Amino acid sequence: MRKYYLLFTAFECILINYLLINPQNWIVLAVTFLYILRVQTLGIKKLKYFLIIFGIIWYGFQSNYNYKIFQKDNFNNQNQITNITVRVFPDQIDQTNRIYKFIGTKIDNGEKVQVSYQPLHSDDLAKITKSKKAKVIEIQGKETQPELPTNENQFNYRNYLLSKNIRQIIYAKKCYVKNISGESLFDKMLEYFHSLRQNLAEYFTSLPTCLRNYCNALILGKITDDFHDTSENIKHLGLLYLFCLSGMHVFFIKKYFNEFLELFCITQETINLVLLCILPVYCILGGNNLSLSRAIWMIWVGIFSSFILKNQFSGIECWSITVIIYLILYPAMFLSLGAKLSYLLTFILLCQRDQNNFMLSFKLNNYSVPLILNSTFQWNILTVFYSVIIGELFEKVIFPATLIGATCIWFNSLCNWLLKICDSIFNQLAQLNTIITFGKLPMIFCIIILILFFQLENNVHKKVKWMLIILIYTGNYAYIHFPLSSEVVYFDIGQGDSTLIRTKFNQDVVLIDTGGKVNFGKQKQTKGTTMGESVIANYLLSKGIDQIDGLYLTHQDTDHVGYFPSIGREIHYKKIYVPAGMENLVSFQARLAQIYSQRPIVVPLTNQISAENGLQILHPFNAGKGTNKDSLVLLKKINDFTFLFTGDLDQEGELQVLEHYPMLRTDFFKVGHHGSKTATNPNFVSHLHPKFAIISAGRHNRFHHPNQETLQTLNQYQIPYLLTAKDGMIKISVYRNRYQITNGGNAFGCTRSDSKDKR
């Protein structure tokens with residue numbers, strides 16, 4: 001009976017927090033309704049009354065105590081210069097290029113904030129980094145909320161931070177380090193353990209590369225740039241869920257610790273007392289991430305209950321208590337995929353203790369696939385086999401080698417060699433073509449599939465349930481991979497250009513430019529995720545696309561081509577088309593060499609080349625050097641509508657295009673050069689007379705695009721326009737003789753339908 005009370009209370013807390021985060025989400029409302037029905041079928045009156053009373057108390061407590069987390073769109077000081085004082089531990093400071101990021105706690109109200117700071121002088125930096133003690137930093141800067149995603153299926157950074165209780169980002173202009181005085185004993189203990197973590201991180205830098213990477217990842221919970229390739233290989237193997245249980249190595253630590261102390265005839269009761277003291281310490285040393293903390297506190301609650309209760313808590317009860325405690329501390333934690341997988345799969349593990357390794361891996365895979373397809377859109381068909389093999393490899397080789405290598409300098413080289421072998425195994429397995437790009441499985445179907453898998457534990461109508469699961473997967477796969485409409489997508493890629501064209505049933509998939517970040521000054525390139533991957537590749541994979549028929553790069557500027565190598569790691573290019581002459585540029589060849597997969601065919605274009613992928617090439621007329629004046633000009637016709645793309649072609653070039661094609665008309669005009677006054681000649685616009693114009697420019701860009709002259713030209717000829725900097729991603733879907741415009745992706749936007757009269 002105690003188990004039922006705790007378990008249903010935990011589920012009730014999860015649902016109430018979801019309702020507080022998004023009260024208008026009909027999926028959450030539907031699941032809540034199903035939960036209420038399930039409680040009603042129990043027939044336990046005391047439990048019903050308890051859940052009603054507890055639910056009211058929990059709702060009131062969370063909506064008052066954590067109201068700032070739930071009221072995430074109410075922020076009064078957006079972009080105002082403010083003075084803020086935060087407390088920061090030394091291990092919380094990270095560096096990327098010359099930009100320093102750290103998570104601090106406000107002195108006045110205890111709120112967590114993320115600070116981004118680029119010091120102008122090395123002396124400013126030394127004041128922050130030289131001390132290994134906690135420090136109070138007075139910050140002068142802009143306090144803002146993280147932006148919501150403006151592209152469909154883009155990574156939601158705001159939700160990611162909210163899951164960590166961070167709702168504010170501070171862009172610091174100046175930082176002043178102050179002395180700390182009058183600290184409590186608890187604060188001094190925290191400082192000691194954070195300093196210890198920093199010392200360990202510095203010690204690990206002296207270890208061989210591979211060993212250092214695993215020590216940082218498994219002991220300190222830090223994923224470095226050097227470990228990026230290995231973590232990507234693990235992701236491609238479909239083993240994300242295994243490592244999201246993160247926590248699995250905590251159980252190994254407990255196991256090794258028990259076995260070691262038992263050698264000295266120390267009683268289990270004494271061992272448990274020691275574990276009660278050291279487990280919270282490891283929570284700090286391990287970075288206090290949600291998955292690791294879940295594993296630590298589940299063990300801690302179980303051990304603690306053995307001292308205070310005659311009948312100690314079961315695994316399910318420890319799981320339930322941990323959920324409740326962490327929802328108090330991190331009310332939005334289930335916005336994180338890692339937390340969802342960690343708690344869900346731990347629950348499955350606790351319910352399936354009598355299964356053999358293969359069947360357990362099979363079930364864990366079944367439960368994890370819907371959530372993974374909803375978030376990462378791909379699945380490796382050999383994941384079940386990999387999870388059995390890698391699980392054994394992790395327990396018997398990877399984790400022991402990491403611990404031994406970190407503590408015994410005599411075995412550094414041997415342990416590093418073993419971990420290198422494991423890395424090569426991950427790399428070789430990741431090269432196998434066993435990944436299915438499914439696309440984004442809608443959350444409602446994820447929930448239905450999970451419910452059906454839970455129902456499979458009951459042997460009644462198993463064949464019917466399996467048929468329903470297969471039907472849901474196949475139906476969604478067909479719907480994603482064979483769309484009934486064509487679409488043109490203008491990505492919000494910052495100060496850059498990128499447009500996707502895909503026709504009905506995905507017959508042709510074309511990408512025009514990829515966007516790219518222009519670095520002013522010399523900055524070191526890191527292996528982190530680029531905007532090209534998080535925006536463009538994410539969108540393509542979410543639509544079940546892992547191959548592009550043609551990548552058209554209009555010219556050589558970085559803001560048009562910079563992301564094509566990073567996108568190429570995720571998406572295969574059949575052919576790359578460039579303006580004739582650009583293929584010989586050293587910068588282009590260097591970018592081409594960065595693509596990990598086999599190099600695609602490069603096709604130089606002029607207007608004499610016959611159309612491919614349904615695109616007509618209108619410019620350039622001769623080979624050039626890939627500059628603005630050599631930009632590709634492309635015309636695409638979809639049903640009764642035409643779309644024109646001009647890259648960064650200048651006004652003179654636009655008029656030359658008109659001379660060659662006096663009958664040129666278009667319905668949708670991609671405004672040239674991000675709305676700069678160097679393009680969009682009034683005569684050119686007047687002649688085209690488009691129904692709609694689209695401008696791609698970054699928010700608050702240093703070039704002040706779009707220029708007022710360009711906007712005046714569009715207004716003069718009464719041409720409505722949309723701007724990615726304001727409206728986010730712009731999608732034009734074409735259905736026979738109708739089109740529909742949607743802006744802003746999933747984050748915001750309005751939809752407009754219109755019928756077109758044929759000219």
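## Model and confidence

This is a predicted model. Mean pLDDT for the chain is 86. Of its residues, 91% reach 70 or more.

Residues 745–759 are another matter. Their pLDDT stays under 50. The model has 45 contacts beyond four places in sequence for this stretch. Where pLDDT is low, the predicted coordinates should not be read in detail.

## Overall fold

The chain holds 28 helices and 23 strands. Its C-alpha trace spans about 90 × 70 × 50 Å along the principal axes. The radius of gyration is 28 Å. A compact globule of 759 residues would have one near 27 Å, so the chain agrees with that expectation.

Buried residues account for 53% of the 759. Take the contacts between residues at least 6 apart in sequence: 70% of them join residues at least 24 apart.

## Charge

The chain carries 73 positive and 54 negative charges.

## A look at I27

I27 sits in helix 2, which covers residues 26–42. Its relative accessible area is 14%. The cut-off for buried is under 20%, so I27 counts as buried.

Which residues does I27 touch, leaving aside those up to four places away in sequence? They are M443, I444 and I447. I27 and M443 are 416 residues apart in sequence. In space, their C-alpha atoms are 8.0 Å apart.

Definitions and conventions
Residues are numbered from 1 along each chain as its sequence is written. This is a predicted model: local features need pLDDT of at least 70, side-chain atom pairs count only at pLDDT 80 or more; totals for chains, interfaces and linings use all residues. Side-chain values use heavy atoms; hydrogens and water are left out. Helices (H or I, at least four residues) and strands (E, at least two) are DSSP runs, numbered from the N terminus. The radius of gyration is taken over C-alpha atoms; the globule rule is 2.2 Å times the number of residues to the power 0.38. Buried means under 20% relative accessible area, exposed over 50%, partly exposed in between (1.4 Å probe, protein chains only). Contact means heavy atoms within 4.5 Å. Lys and Arg count as positive and Asp and Glu as negative; His and the chain ends are not counted. The place of a charge is taken as NZ of Lys, CZ of Arg, CG of Asp or CD of Glu. pLDDT is the predictor's confidence in each residue, from 0 to 100.
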